[in-house]
Amino acid sequence: MYTLVQAATQLRQQIDQFTPLSDDEWARLVPHLTIVTLQKQQTFARQGITADRIGLVLDGALRQFYAKDGDERTTYFFFEHQLTGAYMSCVTGRPSPVTIEALTPTTCVSFPYAIFHNLLETYPGWQRFGRLLAEYLMVALEERMASLLLLSPEERYLALLEGPYKDLLQRVPQHYIASYLGITPVSMSRIRNRIRPR
């Protein structure tokens, strides 16, 4: 169980990795922080509902996916020390095209996007953070698109094994990983069998 002070400390540490904030700039956010506890399959954001909050994962795991006609397409996973939220919905004010669902019991520290936006408009430190966060998200999105467009399914799987999120193979059900890679569970099983050491 996290206290709000502990949660706020972790959030500030993550923000400071982008750019340090002054104590005054940081203090503007603190009154708006809340701790959100999700049980497995509860949602942080839901498709079709306008999102209005951003959060930092303190512990647990979340999955982001699109759903259409009963078919779910996993696009991202969030783990400890990662910011999460249905950003497109927050920014546009339109219903979210994605659901963000807890894969395990998960705790986040959360704050309203409207407050965050106001801070970005008002304080230089928050402006720097917003710009650097946008650049980070843009690079991550482009890397994801390039992977899906340019790499074979086997190359995508190998990149996952060798990349910074390789531990998700132990933390996430295989059918969700297959969906994230854009392949069927059967195809992923065949790839695993081909590359498994003899």
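Student: Before we start, what should I know about the model and its numbering?
Tutor: This is a predicted model, in which local features need pLDDT of at least 70 and side-chain atom pairs count only at pLDDT 80 or more, while totals for chains, interfaces and linings use all residues. Residues are numbered from 1 along each chain as its sequence is written, and side-chain values use heavy atoms, with hydrogens and water left out.

Student: What is the order of the four strands in the open sheet?
Tutor: The order is E2-E7-E4-E5, with antiparallel pairing. Strands (E, at least two residues) and helices (H or I, at least four) are DSSP runs numbered from the N terminus, and two strands pair if DSSP finds at least two bridges between them.

Student: Which strands are at the edges?
Tutor: Strand E2 (43–45) and strand E5 (71–78) are the edge strands, each pairing on one side only. From one strand to the next, the twist averages 30 degrees. Axes here are lines fitted to C-alpha atoms, for helices over the stretch in contact, and angles run from 0 to 180 degrees between N-to-C directions.

Student: How many bridges hold E4 and E5 together?
Tutor: Seven bridges pair strand E4 (residues 62–68) with E5 in the antiparallel sense. Ala67 is opposite Glu72 in E5, and Arg63 is opposite Phe77 in E5.

Student: Which helix packs on that sheet?
Tutor: Helix H8 (residues 174–181) does, touching E4, E5 and strand E7 (99–102). The direction of H8 makes about 95 degrees with that of E5. Contact means heavy atoms within 4.5 Å.

Student: What about the turn between E4 and E5?
Tutor: The two strands form a hairpin with two residues between them, and Asp69 in the turn has a positive phi of about 50 degrees.

Student: Is Asp69 buried or exposed?
Tutor: Asp69 is exposed, with a relative accessible area of 76%. The classes are buried under 20% relative accessible area, exposed over 50% and partly exposed in between, with a 1.4 Å probe and protein chains only.

Student: And where is His81?
Tutor: His81 is in the loop between E5 and strand E6 (83–84). His81 has a positive phi of about 70 degrees although it is not a glycine, and it is partly exposed at a relative accessible area of 44%.

Student: Changing topic: how many of the residues of E8 are buried?
Tutor: Seven of the seven residues in strand E8 (residues 106–112) are buried, so the strand is mostly covered. Thr106, Cys108, Ser110 and Pro112 point one way, whereas Thr107, Val109 and Phe111 point the other way.

Student: What does E8 pair with?
Tutor: Strand E1 (residues 34–38) is joined to E8 by five bridges, running antiparallel, and Thr37 has Thr107 as its bridge partner in E8. Strand E3 (residues 53–59) also pairs with E8 in the antiparallel sense, over six bridges. In that pairing, Leu56 is opposite Val109.

Student: Now the rings. How many aromatic pairs are there?
Tutor: The structure holds 10 aromatic pairs. Rings of Phe, Tyr and Trp (its six-membered ring) pair if their centres lie within 6.5 Å; planes under 30 degrees apart count as stacked, over 60 as edge-to-face and the rest as tilted.

Student: Why is the pair of Phe77 and Phe79 called stacked?
Tutor: Their ring planes are at 25 degrees, with centres 6.5 Å apart, so the pair is stacked. Phe77 is buried, with a relative accessible area of 5%, and Phe79 is buried with a relative accessible area of 5%.

Student: What about Phe116 and Phe129?
Tutor: Their centres are 6.0 Å apart and their planes are at 75 degrees, so that pair is edge-to-face. The pair links distant parts of the chain, with Phe116 in helix H4 (residues 113–122) and Phe129 in helix H5, 13 residues apart. Phe116 and Phe129 are both buried.

Student: Which residues do the ring pairs link into a cluster?
Tutor: The cluster consists of Phe18, Phe111, Tyr113, Phe116, Trp126, Phe129 and Tyr136.

Student: Last one: where is Arg144, and what does it touch?
Tutor: Arg144 is in helix H5 (residues 124–150). Apart from neighbours within four places in sequence, Arg144 is in contact with Thr74, Thr75 and Tyr180.
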